[in-house]
Amino acid sequence: MKTRAAVAAILALCFLSAPALAGGSSSACATKYPIVLAHGMFASDDILGFIDYWWGIEDAIEDEGGRVYVTKVNAMDTTVNKAVSFKAQVLQILAVTGKAKVNIIGHSHGTIYSRYAITNMGMAGKVASWTSLCGPHRGSALADIIAYGLPSGLQNLSGAVLDWLYTFVMGDTNPASIQNCYDVTRDYMQNVFNPNTPNVSGIYYQSWAAKAKWGCPSVVLNPLWVVLGAFEGDNDGVVSVNSAKWGTFRGVQSAAWYSPGVDHINMVGHLFGVTPGFDAPDFYVDIVSGLKGKGY
């Protein structure tokens, strides 16, 4: 049974029984502190109400004895606004579980607003470890193109359309699509965000990147992969390998040598193409098992 923290409903979390939290018979993912998943931009924990962002990943971890909570923030909003919502949900998770800390695993922008919450919103003492997957820690040239390459009129129109779409289709509350884009531009991330969001001593920070080698398995990302490659080199269709490095860098996921590689969407289990040599649920189980081995 999934233990989700789509967390306007703390009572729903309290309703979950201890056997539900315990997962399956294996204890490979039975970490000291619960796992909290932080999703990225453009999507939420449940996409359109029926597509799970973390495709098969929660179940895989729980089947190995892990306790998993999924947070939900606006798909398109400022880093700060997302961090405020994320912090509130983590505090509720701590209250429900009675644990002192959590292990955060973030994907894409989820790695950024969770970092902000840790460093700048008093969450440092409540986090044991932080894991980043495909996080734009040095920004993305794709965001630069939107923020600085579009005429202001087109940018405003695009922002208004996206805000409407994410309000009435995706369920966001007062989204801020264009500002979300500005918040992951390369100059802002490198010159403003990172200097003001340093790592906190006592927390284990680790990261992975993904790389599409000759095309994205999720074919919708192929045009972005080509453009980003011209600016930043190896990338997953949204974030470059270099930008994804933060804390202890654990490596690049690129699947089997004969595969096209692993793209930004594959990293959360969505397989819109053949990706031999990479299984997202198994990858996350390995991550959580590693955290358990470190005592987290």
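**A covered helix, aromatic rings and a nonpolar patch**

Helix H5 (residues 110-120) is mostly covered, with eight of its eleven residues buried; here buried means under 20% relative accessible area, exposed means over 50%, and partly exposed lies in between (1.4 Å probe, protein chains only). Helices (H or I, at least four residues) and strands (E, at least two) are DSSP runs, numbered from the N terminus. The model is a predicted one, in which local features need pLDDT of at least 70 and side-chain atom pairs count only at pLDDT 80 or more, while totals for chains, interfaces and linings use all residues. Residues are numbered from 1 along each chain as its sequence is written, and side-chain values use heavy atoms, with hydrogens and water left out.

The buried residues of H5 are Gly-110, Thr-111, Ile-112, Tyr-113, Ser-114, Arg-115, Ala-117 and Ile-118. What do the buried residues of H5 pack against? Their partners are strands E1 (35-38), E5 (102-107), E6 (127-133) and E7 (204-210), together with helices H4 (79-97) and H9 (186-193); contact means heavy atoms within 4.5 Å. Just after H5, Gly-122 takes a positive phi of about 75 degrees.

One of these buried residues, Arg-115, also lies over the face of Trp-246, at 3.9 Å from the ring centre. A charge sits over a ring if NZ of Lys or CZ of Arg is within 6 Å of the ring centre and within 35 degrees of the ring normal.

Rings can also meet other rings. A pair of aromatic rings is described by the distance of the centres and the angle of the planes. Rings of Phe, Tyr and Trp (its six-membered ring) pair if their centres lie within 6.5 Å; planes under 30 degrees apart count as stacked, over 60 as edge-to-face and the rest as tilted. By this rule the count comes to eleven aromatic pairs. In one of them, the ring centres of Trp-257 and Tyr-258 are 5.3 Å apart and the planes stand at 85 degrees, so the pair is edge-to-face. Trp-257 counts as exposed because its relative accessibility is 76%, whereas Tyr-258, at 47%, counts as partly exposed. Elsewhere, Tyr-53, Trp-54, Trp-208, Phe-278, Phe-283 and Tyr-284 form one aromatic cluster.

Helix H7 (residues 152-168) gives the largest share of the patch, three residues. Ile-146 lies in helix H6 (residues 141-149) and, at 35% relative accessibility, counts as partly exposed.

Helix H6 also holds Tyr-148, which is partly exposed at 46% relative accessibility. Leaving aside neighbours within four places in sequence, Tyr-148 is in contact with Tyr-182, Thr-185 and Asp-187. Tyr-148 and Tyr-182 are 34 residues apart in sequence and 8.9 Å apart from C-alpha to C-alpha.

For the chain as a whole, the secondary structure comes to twelve helices and eight strands, and 51% of the 296 residues count as buried.
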